Amino acid sequence: MIKESTLLIFCRNVKWLREYYCLSKEKMAKIMGISVACLHQIEAGQLPASVLVDSVFELASYFHLKSCDLLLPLQDRSPFFT
């Protein structure tokens with residue numbers, strides 16, 4: 001089971017990546033293979049039951065990250081993204 005703090009870090013990272021790369025919610029949802037409604041819940045700090053681990057892999061792949069990177073605060077490593 002994922003600790004709540006790790007879940008919240010993941011949720012913040014999803015929003016941070018979307019905003020950092022100036023992506024719309026529609027584009028980010030498409031990247032992750034989820035609905036905009038699910039993305040809205042993730043960005044609010046909740047992980048819908050319908051979200052599969054495939055979404056994490058899709059997100060990591062798109063941004064050339066390891067999936068485990070999404071469980072660590074990315075905003076602290078922003079020079080990595082320049």
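Which residues are linked in a network of salt bridges? Arg18, Lys25 and Glu43 are. This is a predicted model, where local features need pLDDT of at least 70, side-chain atom pairs count only at pLDDT 80 or more, and totals for chains, interfaces and linings use all residues. Residues are numbered from 1 along each chain as its sequence is written, and side-chain values use heavy atoms, leaving out hydrogens and water.

**View 1. Arginine 18 meets glutamate 43.** Their side chains form a salt bridge (2.5 Å, N to O). The term means a side-chain nitrogen of Lys or Arg within 4 Å of a carboxyl oxygen of Asp or Glu. Arginine 18 lies in helix H1 (residues 4-20) and glutamate 43 in helix H3, so the pair ties together parts 25 residues apart in sequence. Helices are DSSP runs (H or I, at least four residues), numbered from the N terminus. Both residues are buried, meaning under 20% relative accessible area with a 1.4 Å probe, protein chains only.

**View 2. Lysine 25 meets glutamate 43.** This salt bridge spans 3.9 Å, N to O. Lysine 25 sits in helix H2 (residues 25-32), 18 residues from glutamate 43 in helix H3. Lysine 25 is partly exposed at 27% relative accessible area; that class runs between under 20% (buried) and over 50% (exposed). Glutamate 43 counts as buried, at 14%.

**View 3. Valine 36 in helix H3.** Helix H3 covers residues 36-43. Valine 36 is partly exposed, at 34%. Leaving aside neighbours within four places in sequence, valine 36 is in contact with Lys25, Glu26 and Ala29. Contact means heavy atoms within 4.5 Å. Valine 36 and glutamate 26 are 10 residues apart in sequence and 5.9 Å apart in space, C-alpha to C-alpha.

Methods
Helix = DSSP H or I, 4+ residues; strand = E, 2+ residues; numbered from the N terminus.
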